[in-house]
Amino acid sequence: MGLLESIPLVIISVLLSVTAIVDACSNGGCKLLEECSSTPDCAAGLLCGSCPIRFHGERCIRSTFTDQFKLLNNSLPFNKYAYLTTHNSFAIAGEPSHTGIPRLALPNQEDSITQQLNDGVRALMLDTYDFKDDIWLCHSFEGKCYDFTAFSPAIDTLKEVEAFLGANPSEIITLILEDYVESPNGLTKVFNASGLTKYWFPVSNMPQNGQDWPLVKDMVANNQRLIVFTSKRQKQESEGIAYQWNFMVENMYLQMGMMECIQEAVLTVGSQQHSMTKLSLWFW
Ligand SMILES: *[C@@H]1O[C@H](CO)[C@@H](O)[C@H](O)[C@H]1NC(C)=O
Ligand SMILES: *[C@@H]1O[C@H](CO)[C@@H](O)[C@H](O)[C@H]1NC(C)=O
């Protein structure tokens with residue numbers, strides 16, 4: 001292309017970049033997913049942050065969530081709501097070693113369990129192992145936990161859940177266990193010790209053949225606000241812990257890692273919307 005022919009293009013591109021600068025938002029004017037340089041650029045309820053799995057650089061993302069039971073009401077069956085779930089919720093960056101051995105397992109989350117719950121997470125995916133004569137949360141391989149893969153004793157996390165349910169009497173939490181525990185009644189013992197048993201939603205109240213779940217308001221009124229699923233089929237019979245795949249389907253998440261961009265996820269009510277950063281669970 002000759003010099004003369006390229007001049008109009010140069011002018012147009014200069015004009016376009018000037019327009020882009022004029023249009024660039026700031027001072028609370030940036031909307032969801034618009035580029036930003038710091039949080040004050042973003043509108044209320046948003047923060048300036050990154051989420052490499054979705055976009056380059058920094059954009060305004062949600063910093064608050066809307067409680068699904070308040071967005072609508074709590075009169076629908078539990079399976080009509082969608083809520084945020086964290087994968088490997090216990091694999092928290094900065095969690096100190098509890099074994100004295102530096103940990104090699106990679107983290108998936110930035111926030112503590114309590115912070116995740118306060119931020120609107122209502123289902124936690126936890127990997128449970130027999131370890132050190134106790135039950136631990138571990139990010140391991142071949143069903144065995146090691147000093148260098150262990151995150152924390154399960155009791156610590158369960159007590160955080162117990163404290164949240166105590167402080168938030170209208171909320172319901174689901175735990176989805178990738179369960180490697182073989183010790184007899186190992187899970188039952190740790191749930192007993194955590195004080196969570198009083199919130200237990202019994203398997204016998206779960207719909208067996210695709211019917212709706214109980215109404216949220218009834219689950220709250222009955223204080224049956226903890227739903228626990230195990231990946232071990234036989235524990236439904238032996239310990240009364242629901243076998244996950246009797247009750248649940250799961251969509252594929254498209255990319256591993258970086259599941260923690262939770263500020264971005266949208267809570268949807270009664271819809272089947274899903275995004276890469278959120279694992280949606282549908283009960284039937
Ligand atoms: C709750 O919301 C649903 C869906 O919008 C509506 O059909 C129902 O009447 C509402 N129930 C109450 C008690 O407000
Ligand atoms: C758990 O607690 C219940 C009620 O207190 C008790 O009956 C049961 O034996 C306990 N189970 C285990 C395995 O500790």
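## A parallel sheet and its surroundings

In strand S8, valine 228 is the bridge partner of leucine 175. Strands here, like helices, are DSSP runs numbered from the N terminus, with at least two residues (E) for a strand and at least four (H or I) for a helix. The model is predicted, so local features need pLDDT of at least 70 and side-chain atom pairs count only at pLDDT 80 or more, while totals for chains, interfaces and linings use all residues. Residues are numbered from 1 along each chain as its sequence is written, and chains are lettered from A and ligands numbered from 1 in the order in which they are written.

The chain holds seven helices and eleven strands. Of its 284 residues, 35% are buried; a residue is buried if 20 or more other C-beta atoms lie within 10 Å of its own, exposed if 12 or fewer, and partly exposed in between, with C-beta atoms placed from the backbone. Among the contacts in the chain with a separation of 6 or more, 62% are between residues 24 or more positions apart. Two residues are in contact if their C-beta atoms, placed from the backbone, lie within 7 Å.

The opening pair belongs to a series of parallel strands. Strands S7 (residues 173–179) and S8 run parallel and are joined by five bridges; two strands pair if DSSP finds at least two bridges between them. Isoleucine 173 also has its bridge partner in S8, namely leucine 226. S8 covers residues 226–230, and five of its five residues are buried, so this strand is largely enclosed by the rest of the structure.

Leucine 177 of S7 is the bridge partner of leucine 126. Strand S4 spans residues 121–131, and ten of its eleven residues are buried. S4 pairs in turn with strand S3 (residues 84–86), again in the parallel sense, over three bridges. In this pairing, threonine 85 stands opposite alanine 123 of S4.

Helix H4 runs over residues 154–167. At 1.5 Å a residue its 14 residues should span 20 Å, and its end C-alpha atoms are 20 Å apart, which agrees; the expected span is 1.5 Å times one less than the number of residues. Buried in H4 are Ala154, Thr157, Leu158, Val161, Glu162 and Leu165. Seen down the helix axis, these residues fall within an arc of 145°, so they line one face of H4; the arc is that of the directions from the axis to the C-beta atoms. An α-helix has 3.6 residues a turn, so residues three or four places apart point the same way. The face of H4 turned away from the buried side carries the exposed residues Gly166 and Ala167.

Two loop residues have a positive phi without being glycine. Glutamate 142, with phi near 50°, lies in the loop between strand S5 (134–138) and strand S6 (150–153). Glutamate 142 is exposed, with 5 other C-beta atoms within 10 Å. Asparagine 185, with phi of about 55°, lies in the loop between S7 and helix H5 (186–194). With 13 C-beta neighbours inside 10 Å, asparagine 185 counts as partly exposed.

Asparagine 185 is also one of the residues around ligand 2, the others being Thr188, Lys189 and Asn192. A residue is near a molecule if its C-beta atom, placed from the backbone, lies within 6 Å of it. The shell around ligand 2 has no nonpolar residues, three polar and one charged.

Elsewhere in the chain, cysteine 48 lies in strand S1 (residues 46–49). Cysteine 48 has 20 C-beta neighbours inside 10 Å and so counts as buried. Beyond its neighbours within four places in sequence, cysteine 48 is in contact with Cys36, Ser37, Ser38, Thr39, Asp41, Cys42, Glu58 and Cys60.

Notes. Nonpolar A, V, L, I, M, F, W, Y, C, P; charged D, E, K, R; others polar.
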